[in-house]
Amino acid sequence: MNNKIVLSVKNLNKTYNKKIHALRNLNLEVKEGEIFGLLGPNGAGKSTFINILAGLTTKTSGDVDVWGFNMDKNPRQVRASLGIVPQEINVDPFFTPKKLLELQAGLYGVKKKDRITDTILDLVSLNEKANSYTRNLSGGMQRRLLIAKALVHKPPIVILDEPTAGVDVELRKKLLDNVKSLREIGVTIILTTHYLSEAEEMCDRIGIINRGNLIALETTENMLNKIQTKIVKFSVNKKVELIDTLKKKLKIIKNNEKELIVSYEKNIINIQEIIDVIKSQKIDIFDVQSRDPDLEDVFIKLIKN
Ligand code: ADP
């Protein structure tokens, strides 16, 4: 990843019907080659943001630059720089993937000799289905076809709106692999998702929006470090007597003859101190299970605040 900014949003506002503030002074930048995740609860403003980029909704105020082109001054270049993968499956059931991609390329004015239909079908693993009717494709295949459709004009930036909503685990993996291969060929990716584990796995940076406000924007790693709480469970053969100094530093969730479950802040105490106390009481530890905070914890904490 380099530091070239390929999408820049400044003071973006959207008000529907003069009263619903769907986006409030949104500011963000996306860097070339990254996978940027936009997360937020329902009604946060994610679709509004994507619809503005896609040219489906007009912004109320603010500046949007895509690939160096200003949305107000060069709307056509902005459109040419973006590949938008919608949430809804909107492909004609009576076309084949190949035909559909050719038509889409025609819409974007891509000359026959410049078309990369087969390469795209390969990229989304639909080459074997190139000539089947779309209606005979599975839901997951149809979603991959949507990705393919967004690629015909070779946009440097691809935006995916909830790419895996309602897709089963196996297909989700395949879809996400397709997204990763897009990144490998240098495409910058912006995606929205409801699945926080997915964002955690995929995204280099994450923006969280709530009620139209951007409330966090960090690398995924920093985002996860926002929460220091760790939960750990010890399987033991005797009840542990927790000494006062330790009690002050952690929260006891459960403590009996079989197990001790505590939560603590990683920056205040480390697990070895707890183990030392248990060991000093000649208690055997059979098993230790710990859970690091995940994006879900961070998300909940931020949204609550
Ligand atoms: P998200 O995609 O994060 O669920 P949306 O962008 O769809 O959020 O919605 C943000 C806010 O704008 C919500 O309060 C929603 O009801 C409102 N909204 C979205 N689209 C319209 C519209 N076409 N007309 C009026 N209000 C809308």
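Strand 3 (residues 35-39) has 5 of its 5 residues buried, so it is largely enclosed by the rest of the structure; buried here means under 20% relative accessible area with a 1.4 Å probe, protein chains only. Strands (E, at least two residues) and helices (H or I, at least four) are DSSP runs, numbered from the N terminus. This is a predicted model, where local features need pLDDT of at least 70 and side-chain atom pairs count only at pLDDT 80 or more, while totals for chains, interfaces and linings use all residues. Residues are numbered from 1 along each chain as its sequence is written, and side-chain values use heavy atoms, leaving out hydrogens and water.

Ile35, Gly37 and Leu39 point one way from strand 3, Phe36 and Leu38 the other way, and all are buried. As for partners, two strands pair if DSSP finds at least two bridges between them.

| Strands | Sense | Bridges | Facing residues |
|---|---|---|---|
| 3 and 9 (residues 205-210) | parallel | 4 bridges | Phe36 and Arg205 |

Now for the open sheet: 4 strands, order 2-1-4-5, paired antiparallel. Strand 2 (20-31) and strand 5 (69-70) sit at the edges with a single partner strand each, so one side of each has no neighbour in the sheet. Helix 1 (residues 46-54) packs on this sheet and touches strand 1 (5-16), strand 2 and strand 4, with contact meaning heavy atoms within 4.5 Å. The direction of helix 1 makes about 115° with that of strand 1; axes are lines fitted to C-alpha atoms, for helices over the stretch in contact, and angles run from 0 to 180 degrees between N-to-C directions.

Note on methods: Buried < 20%, exposed > 50% of the residue type's maximum accessible area, 1.4 Å probe, protein only.
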